[in-house]
Amino acid sequence: MDADPELAAALGVPPDDLGDLLEQFQHDTFEGRRYRHLTDARRGLERGTAIVDGEVVHGFPSIPRTLVLDPGIPEYFDSRVTVEEKRNGYNVRVAAIDGDVLGFTRSGYLCPYTTAKVRELLDPGAFFDDYPDLMLCGELLGPENPYTPHDYPEVESARVEVFDVRHRETGTPLSVPRRRELCEEYGLPQVPAFGEYKPEETPEALREIIADLDREGREGVVMQSIDGTHQLKYTTSVTHRADLDHAFSLPFDYGRDFVFPRIVREAFQAVELDRTRGESRQRAQELGESILLPAIETIRAVQRGETVGEEHTVRGDPDVIEALLSHLRDQGIELEIGSDRREDGQRVVSFVKVAQATRDNTRDYLEGKLIDE
Ligand code: ATP
Ligand code: MG
């Protein structure tokens, strides 16, 4: 079975190498079907690449980041650039396999919540009837979110917005105008767009866009070549601080690898965008507060014996919510359920993903355990 030449071709490896490659995949089941997915990039295949019933769903590529608008952007793009808002939720890929619409997370899990939400919020049946070989890539955002909750004034519960349409098997993107046209035609919500610019004009336009996004607490932008093949991201200061705040509220669960890049992003942004020393000082104070204050609060919470971790709320069909909670527990996540109620036939659950490392280490250090550094 492992010498399946079609599957080898779809994954872009010689048939003889297929067996070795498939060993790198993790096996899982969803709605009674077995599937496999790559939790790390391997042999040129993106993390999150999945195989369901012999069909390949290509992973979503990592988007490079520039630390400076100028010359980062004109150096990277040699033709017109489209600028879209970077939404702060989690990456979902939506594909139809044998006519079933499925929702994949970034690392290629078939997630019950994601699948239910994309079916309900995108209702992409008609799209996949016409384009079974394409997949939709989008962000699931909003406060009722099991992975990355973030408030948007325009989103009450959850929403999926498309930012890419790609060939399911190869991952090749459609051009930006074609993607926008298809989304329009099939009624699929899309990420907000800020227009098209020449590469050398983009840094200047972005200074203003970024300042507005920052004021509104929004994440940043993703720029793309019109043919969809080149993407670049840039994020706001408020996002760097929110990420640090989150990481330092669970200091033993978020690694140093997470923290360092965010401080570096902020430093480069200050050099490029601050006009006075006062502005940089203000930035430094806010950054410091976003590091120390949440950590202090967490240590105090552990001292009082409270649970520490990420809080989430989810809403949906009771069976879907039950399946989601099992899915999370199967991944070794300890959940503490807060409220659990019914609203209009839907189950609404608030829970904490218990941050075990932070809880245990903080407790030990509070009791006088020595730190080895
Ligand atoms: P990686 O570094 O591997 O890309 P990450 O999750 O750290 O992973 P982010 O910094 O969040 O990456 O940036 C890339 C992600 O941004 C995409 O995977 C996608 O989920 C999300 N995203 C939100 N809005 C957009 C958009 N308009 N265009 C493209 N991606 C977007
Ligand atoms: Mg993100």
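This is a predicted model: local features need pLDDT of at least 70, side-chain atom pairs count only at pLDDT 80 or more; totals for chains, interfaces and linings use all residues.
Colleague: Is strand S6 largely enclosed or open, and how many of its residues are buried?

Modeller: Strands are DSSP runs of E with at least two residues, helices are runs of H or I with at least four, and both are numbered from the N terminus. Buried means under 20% relative accessible area, exposed over 50%, and partly exposed in between, with a 1.4 Å probe and protein chains only. S6 is largely enclosed by the rest of the structure, because the buried count is eight of the eight residues.

Colleague: Which residues of S6 point the other way from Tyr 90, Val 92, Val 94 and Ala 96?

Modeller: In a regular strand the side chains alternate between the two faces of the sheet. In S6 both sets are buried. The set pointing the other way is Asn 91, Arg 93, Ala 95 and Ile 97.

Colleague: Which residue is the bridge partner of Tyr 90 in S8?

Modeller: Strands of a sheet pair through backbone hydrogen bonds, either parallel or antiparallel. Two strands count as paired if DSSP finds at least two bridges between them. S6 and S8 (residues 134-141) have five, in the antiparallel sense. The partner of Tyr 90 in S8 is Leu 140.

Colleague: How many bridges join S6 to S7?

Modeller: These two strands run antiparallel. Ala 95, for one, has Leu 102 in S7 as its bridge partner. The number of bridges joining S6 to S7 is six.

Colleague: Which residue takes a positive phi in the hairpin of S6 and S7?

Modeller: The hairpin has two residues between the strands. The residue in question sits in the loop between S6 (90-97) and S7 (100-105).

Colleague: What is the relative accessibility of Asp 344?

Modeller: Asp 344 lies in the loop between S14 (335-343) and S15 (346-354). Its phi is positive, about 50°, although it is not a glycine. Asp 344 counts as exposed because its relative accessibility is 79%.

Colleague: Which residue in S15 is the bridge partner of Val 314?

Modeller: S13 and S15 pair in the antiparallel sense over eight bridges. For Val 314, the partner in S15 is Val 349.

Colleague: Which helices do the buried residues of H10 pack against?

Modeller: H10 (residues 277-303) has 27 residues and reaches 39 Å from its first C-alpha to its last, close to the 39 Å expected at 1.5 Å a residue. That expected span is 1.5 Å times one less than the number of residues. Its buried residues include Arg 283, Leu 287 and Val 302. Going by contact, meaning heavy atoms within 4.5 Å, they pack against H8 (237-249), H9 (256-273) and H12 (356-366).

Colleague: Is Phe 127 buried or exposed?

Modeller: Phe 127 is in helix H5 (residues 125-130). Not counting residues up to four places away in sequence, it touches Leu 134, Leu 136, Val 165, Leu 182, Tyr 186 and Leu 188. Its relative accessible area is 1%, so Phe 127 is buried.

Colleague: Which bond joins Asp 70 and Pro 71?

Modeller: Pro 71 is in the loop between S4 (55-57) and H3 (72-76). Omega is about 10°, and the bond is a cis peptide bond.

Colleague: How far is an oxygen atom of ligand 1 from an N or O atom in the side chain of Asn 91?

Modeller: Asn 91 is among the closest of the 14 residues that surround ligand 1, counting a residue if one of its heavy atoms lies within 4 Å. The distance from the ligand oxygen to the Asn 91 side-chain atom is 3.0 Å.

Key: Residues are numbered from 1 along each chain as its sequence is written. Chains are lettered from A and ligands numbered from 1 in the order in which they are written. Side-chain values use heavy atoms; hydrogens and water are left out. A polar contact is a pair of N or O atoms within 3.5 Å; within protein, one must be able to donate a hydrogen and the other to accept it, and residues adjacent in sequence count only if both atoms are side-chain atoms.
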